[in-house]
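Please take a look at the model below before reading on.

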Amino acid sequence: MARYIGKRAITGVVMVILSVCINFTLIRLAPGDPIRIMAGTDNPNQAMIDTLTKKYGLDKSIPEQFVMFLAGIAKGDLGFSYVSHENVVDAILLKLGPTLMLSLTALIIAVLLGTTLGILAARKVNSWWDKFLCGISYVFDSTPSFWLGLIMILVFASALHIFPTSGMVNLRVQSKGLGRILDIAYHLVLPVTTLVCIQTPYYFRIARSSVLQVMAEDFITTFKATGMPRKKVFNKYVFKNAMLPTITVVGMSIAFLFSGAVLIETVFAWPGMGRLLIDSISRRDYPILTGIYFIISVAVATMMILIDIVYGIVDPRIKHDQPST
Amino acid sequence: MGILDIRNVNIRYTTQDGDVFAVKNANFTIEEQDAVGIVGESGSGKTTLAMAILQLLPGNAIIDGEIIYDGKNLLALSENELNKIRWDDISVVFQKSMSALSPVHKIGAQMEDVYRTHDSSISRAKLKEHVNGLLETVGLPERVYNMYAHELSGGMMQRVSIALSLLNNPKIVIFDEATTALDVVVQEKILNEILDLQEKFRLTRIMITHDISVVASTCNKVIVMYDGEILEAGDVDDVLLKPKAEYTKKLLNSYLNIV
Amino acid sequence: MKKFFKAIADFFRPQSPSRKAFFERVVTAIKRNAQLRIGLILLAVLLFVAFGAGLLTSRSPYYMYDDLKQAPNSTYLLGTDGLGRDVYTMIVYGTRVSLMIGIVAASISGIIGTMVGAIAGYFGGKVDRFVVEFINIFVMTPSFFLILIIIALFGSSITNVMLVLGLTSWTGNARLMRAQAISIKERVFIKSAKVIGEGNWKIMFKHVIPNGIFPVIANTTMNVSGAILSEASLSFLGLGDPNVVSWGQMISHGKTYMSPAPWISISAGIAIVFTVLTFFLLGEGLKNVLSPKLQNVQGGE
């Protein structure tokens with residue numbers, strides 16, 4: 001087990017280095033001059049350009065810049081934003097809270113709801129209830145999240161005035177303590193509901209199909225033959241076997257949480273990582289982009305190892321088998 | 001009347017292309033401590049017939065007739081009533097032993113769960129002793145108790161399946177192609193052990209097989225099936241030495257040719 | 001598999017008996033599979049709209065009328081947008097853009113996935129290990145993020161969008177094809193082809209890929225949905241091709257007029273849901289219909 005985890009850890013590190021490498025090169029190769037944006041005017045003077053170029057190390061070659069970047073990472077320093085001149089780590093940490101609040105809440109609800117409905121549908125496969133849930137899941141799967149968000153705003157905010165249209169807090173009423181928590185929760189309702197609608201079908205289908213798959217296994221016939229009540233077979237044996245795929249998928253979803261829900265954050269003007277990302281792209285704010293990418297890579301690698309550890313506990317086959325692709 | 005009576009049993013599967021008959025008008029009686037071989041090629045209905053006894057057939061199977069055990073028609077019992085008979089009176093050793101148990105639960109724990117289904121009063125220590133005793137009886141080391149299915153070989157898993165079938169001290173054990181997947185040496189050994197176990201546990205045994213040599217060496221009664229019908233049935237010595245049906249002769253010839 | 005090809009060949013030969021049989025098999029497959037049935041009906045509607053756009057509207061999607069933000073009425077069936085363009089006409093012509101982007105992007109991913117998967121699975125060894133590791137790492141990169149960066153930095157022409165969407169979605173196809181190739185290469189007819197002296201590449205194209213392509217076809221159909229959704233998302237974020245009319249851009253444009261003129265975004269959104277659902281159902285249906293057939297083909301060899 002330890003050796004296996006060690007091996008996965010090495011793969012993880014290689015993955016982080018590789019993806020940062022690709023990302024770094026890609027961004028630097030792109031057309032568009034960040035200095036002009038930084039200088040802020042259409043015709044900046046040469047002295048200003050020179051100072052800025054030097055300050056951000058843009059006079060060096062791309063390999064040199066990459067080495068500087070790696071040296072920075074080793075010290076926990078991801079550089080400074082071209083635009084706001086903030087420390088990248090600080091800028092990202094500031095947005096991480098709101099993003100996790102939104103995406104994690106939605107993920108937890110979607111996983112619980114989707115898995116429960118998936119199990120219920122699988123237990124009554126081909127019933128009208130199963131068909132109804134499958135039909136709904138197809139429709140929500142085909143719905144663009146940003147559009148659903150807009151419709152939610154149109155209906156529940158603009159027309160019915162039940163919920164706020166956007167943002168995380170009411171800027172006119174600066175509340176503190178419990179009031180602030182309630183205010184944020186109030187602002188969370190629409191974006192979370194949108195995300196839940198979009199993500200639930202995914203977990204629904206995984207749970208449904210893996211329960212059906214496990215129900216067709218030979219050992220289910222064995223337990224049936226032994227006279228074990230169906231409920232017990234299901235709760236103890238089907239459940240544990242069928243939850244394995246969900247564990248993997250949830251793990252990966254948690255890893256990608258860090259990049260934020262770009263579209264939903266845009267629709268609801270939620271001050272999270274997704275917005276930061278979009279803004280950084282349009283402003284050519286390379287340090288922020290590279291920083292976000294680095295953090296996502298680390299998160300993915302870490303989650304990958306965590307999933308393996310969890311799997312090692314729940315699935316005894318893992319210690320021996322090669323991980324399947 | 002024997003321990004198990006099969007009366008006018010017809011089994012068909014409903015499919016989108018219409019009904020498919022798997023067993024046609026089967027009639028036979030099994031006496032206590034008989035060793036009955038049901039022999040036939042794949043598709044002859046032998047497994048369908050055997051699985052019908054405990055109603056382990058897929059949902060699209062329709063069974064008519066009567067299967068009488070201990071004065072009760074098994075086909076007329078409710079799920080709960082049938083669950084009492086399953087394993088406590090009649091158990092099965094399945095063909096695919098590698099996948100006969102859950103891959104993510106320990107073997108000992110699964111066996112204990114099965115036992116407790118029928119007898120929840122037993123103490124933990126006693127139950128563990130019982131399971132380990134059975135594992136030992138079928139020639140498995142004690143550590144198997146804490147192992148998982150994938151950690152065992154095909155032969156070992158087959159022994160686990162046999163131990164599992166004896167767990168609740170049944171009267172009848174159905175062996176469904178129980179040794180087909182094993183290599184010849186292991187098959188020979190396990191068949192011998194099955195003979196010993198039958199003696200020891202005073203079992204009535206039903207052997208489903210396509211291999212007439214298995215019937216010849218381990219059974220005293222034989223039922224020959226072809227295309228869902230019972231062609232002939234009787235004592236092994238009578239049927240194998242003086243076969244009446246053409247098909248039985250063919251089966252015997254092909255076996256003799258191999259030997 | 002030969003039977004399958006023969007069936008197709010016979011089908012095109014006039015008055016062959018198997019033509020009827022083939023038809024019957026297709027018809028029973030469609031009859032039995034609700035997803036496929038609904039998907040095909042929806043696809044027919046989409047294709048009719050895409051090819052018959054000129055019949056359905058005489059207007060141009062780019063022409064700006066003087067009536068801005070008109071609510072749906074008898075002149076403008078679905079109203080006009082903030083620039084006075086006819087929303088109905090934009091929806092009709094947007095079908096072409098969405099279908100093209102979806103189908104081209106999915107085909108790129110299908111071709112790359114098939115090639116990479118077949119090579120890895122058929123040749124095995126180091127090539128296979130490299131491909132598997134590469135896919136493992138590729139899957140772990142946040143693809144939408146990557147697409148965003150590439151489109152934002154390298155330009156958002158429709159060609160770029162299709163290329164990037166295709167190049168970032170092939171791994172699923174590669175995995176399916178690889179698994180197929182691994183099982184197919186062990187079968188007798190491949191081994192006999194080798195004995196006859198057919199080259200590896202020839203075997204791959206003549207036997208391995210045609211025999212293993214079915215799951216890839218189903219998955220590629222599904223990928224059309226994914227590509228259409230991704231394009232809409234890019235357009236919504238302002239990263240679509242400004243020279244074409246696409247549904248994503250209509251939603252993005254309509255967002256500004258959400259309260260006074262909700263019909264712009266609503267109709268474009270419904271068009272997206274309709275189209276994505278079509279390919280989603282088709283893909284699921286194909287997956288269900290093709291997989292048992294595939295087993296038949298394999299068993300028959």
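First, a word on where the values come from. This is a predicted model, in which local features need pLDDT of at least 70 and side-chain atom pairs count only at pLDDT 80 or more, while totals for chains, interfaces and linings use all residues. Residues are numbered from 1 along each chain as its sequence is written, chains are lettered from A and ligands numbered from 1 in the order in which they are written, and side-chain values use heavy atoms, leaving out hydrogens and water.

**Chain C**

Chain C has 13 helices and 0 strands; helices (H or I, at least four residues) and strands (E, at least two) are DSSP runs, numbered from the N terminus. Of its 301 residues, 54% are buried, where buried means under 20% relative accessible area, exposed over 50%, and partly exposed in between (1.4 Å probe, protein chains only). Contacts here are heavy atoms within 4.5 Å. Among those in chain C between residues at least 6 apart in sequence, 71% join residues at least 24 apart.

**Where chain C meets chain A**

How many residues does the contact take from each chain? Chain C gives 41 residues and chain A gives 40 residues. Between them the two chains bury about 3700 Å², 82% of it on carbon and sulfur atoms; this buried area is the accessible area (1.4 Å probe) that two parts lose on being put together, summed over both. On the side of chain C, the residues losing the most area to chain A are C:Met140, C:Phe145 and C:Leu153, together 20% of what that side buries. The count of salt bridges between chain C and chain A is 0, a salt bridge being a side-chain nitrogen of Lys or Arg within 4 Å of a carboxyl oxygen of Asp or Glu. The largest share of the side of chain C that touches chain A comes from α13(C), with 11 residues. Sorted by class, that side has 29 nonpolar, 7 polar and 5 charged residues. Here Ala, Val, Leu, Ile, Met, Phe, Trp, Tyr, Cys and Pro count as nonpolar, Asp, Glu, Lys and Arg as charged, and the others, Gly among them, as polar.

**Salt bridges elsewhere**

Over all chains, the structure holds 20 salt bridges. Here are some of them.

| Pair | N to O distance |
|---|---|
| A:Arg205 and A:Asp141 | 2.0 Å |
| A:Arg230 and B:Glu79 | 3.1 Å |
| C:Glu186 and C:Lys191 | 3.5 Å |

A:Arg205 pairs with A:Asp141 at 2.0 Å. This pair links distant parts of the chain, with A:Arg205 in helix α8 and A:Asp141 in helix α6 of chain A, 64 residues apart. A:Arg205 counts as partly exposed at 24% relative accessibility, and A:Asp141 counts as buried at 18%.

A:Arg230 and B:Glu79 meet in a salt bridge that crosses between chains, from helix α10 of chain A to helix α2 of chain B. A:Lys232, A:Lys236 and B:Asp113 are also linked in a network of salt bridges.

Most residues other than glycine have a negative phi. A:Ala269 has a positive phi of about 45 degrees although it is not a glycine, and lies in the loop between α11 and α12 of chain A. B:Glu177 also has a positive phi, near 45 degrees. Is B:Glu177 buried or exposed? At 7% relative accessibility, B:Glu177 counts as buried.
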